[in-house]
Amino acid sequence: MNIIVIVSGGIAAYKSLDLVRKLKKDGHNIKVIMTENATKFVTELSFQTLSSNYVYTDTFVEQNKKEIQHISLNKWADKVIVVPGTANIIAKIASGISDDLATTFISAINDFSKIYICPSMNTNMYENPITQGNIYKLRQLGYNFISPTEGELACGDVGKGKLPDIEDIIDEIFKNNDFIGKSVIVTAGATKEYIDPVRYISNPSSGKMGISIAEEFAMQGAKVILISSTNYKPVLKNIKHISIVSAYEMFQAVKKYSDNADIIVKSAAVSDYRPVITYDKKVKKQLENLEIELERTEDILKYLGKNKKENQILVGFAAETNNVIEYAKEKIKNKNLDYIVANDVSKKDVGFGTNDNEVFIIDKNYNVMKIEKTSKKRIAKILLEKLKNN
């Protein structure tokens, strides 16, 4: 998982070093943003050494001149941890102040649920009604807070405001383990049906939706098999990636693992047709037209529905350009699905190749839930919430 750790200027900043070390040890990819005040307590070099990544401190020092730094970091991050969360940075976030890289980066995030703030300060500062008002405001907006503990503070006072143990912070951030012990298969991305070595039939699917679902399952404790054509390197230890190219290869992989799966999410955009004849050398341009005979590929979802095991949950996807809900409901019936996620791929700003989507989640009783345009990561969270309550 890609995690941004924001270190602000509090005495507990030194504990962030241990947080970065342990997250890195758990297999996560870590990047650190430090405020100017944080550099008075700990050094950039320490975080650079532990994270094996460049440490960001200045809005105006761009690592990549072709990117806008705070926007590219936002797109990269799956989770953001503010530790320590001082009264100052909490107030800035709550007020929308963006006067350094850390707060500018946070102001560019639209999915507040991926932000975790760990307050750490003197008891009087923490209990100050302005600070508490800021925390309340941010909680209402969807920010996550990991409450401080009681104990002896750096100033010598005893009270609430101490940063929790790092292990407790990590447990709190990853505490949603509703799918521990579950085996999950997720298919993602487009398949390619080759005509010759350089031409193929496919579609624009990037696999981002399926990858988001696979990673969300993994974060919630499941053992995940991701079957896809994407160039994906798992960042979580409980994701096994099986790389395929064609619909037939995907079908064979799904058949191999489906019997032992508790949940199968078939989000891949599989080619419906493939050439009857393929060529081992590039077909040269001719004066006349070229006719290519096509045959149906394996209907993987129908196979899964027909062979569904007792208590197995099967989720399909429907990418449509018209009559979205009607076609999706037909698919539920014809392919014995428990849920289907349907979307209109004719819309240019959602669906194939984008980071956002707008979908309908429909259950086997034809109850329809519409999710307005949001990130694919957010849709993955909502889908898993429904599956958890199945």
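The side chain of S267 places a polar atom 2.4 Å from the backbone oxygen of T187. This is a predicted model, in which local features need pLDDT of at least 70, side-chain atom pairs count only at pLDDT 80 or more, and totals for chains, interfaces and linings use all residues. Residues are numbered from 1 along each chain as its sequence is written, and side-chain values use heavy atoms, with hydrogens and water left out.

S267 sits in the loop between β14 (263-266) and β15 (273-275). Helices (H or I, at least four residues) and strands (E, at least two) are DSSP runs, numbered from the N terminus. I379 belongs to helix α13 (residues 376-388). Buried means under 20% relative accessible area, exposed over 50%, and partly exposed in between (1.4 Å probe, protein chains only). Contact means heavy atoms within 4.5 Å. The table leaves out contacts with residues up to four places away in sequence.

| Residue | Relative accessibility | Contacts |
|---|---|---|
| S267 | 12% | V186, T187, A188, G210, F317 |
| I379 | 2% | M209, N357, E358, V359, I371, T374 |

I379 and N357 are 22 residues apart in sequence, yet their C-alpha atoms are 7.8 Å apart in space.

**The cores.** A nonpolar core is a set of buried Ala, Val, Leu, Ile, Met, Phe, Trp, Tyr and Cys residues joined through side-chain atoms within 4.5 Å. The largest has 61 residues, and V5, I213 and F217 have the most contacts inside it. Helix α9 (residues 208-219) gives this core its largest share, 7 residues. Beyond four places in sequence, V5 contacts residues including L19, V20, L23, I81 and V83. A second, separate core has 28 residues, among them I244, L337, A342 and F360.

**Helix α7.** This helix (residues 129-141) has 13 residues and reaches 18 Å from first C-alpha to last, close to the 18 Å expected at 1.5 Å a residue. The expected span is 1.5 Å times one less than the number of residues. Which residues of α7 are buried? They are T131, N134, I135 and L138. They lie on the same side of α7 because they cover an arc of only 95° around the axis, taken from the directions from the helix axis to the C-beta atoms. On the other side of α7, P129, Y136 and Q140 are exposed. The cover over the buried residues includes α4 (87-95), β5 (115-119), α6 (123-127) and β6 (144-145).

N128 caps the N-terminal end of α7, with a side-chain oxygen 2.8 Å from the backbone nitrogen of I130. Just after α7, G142 takes a positive phi of about 110°.

Technical notes: Polar contact = N/O pair within 3.5 Å; in protein donor to acceptor, adjacent residues only side chain to side chain.
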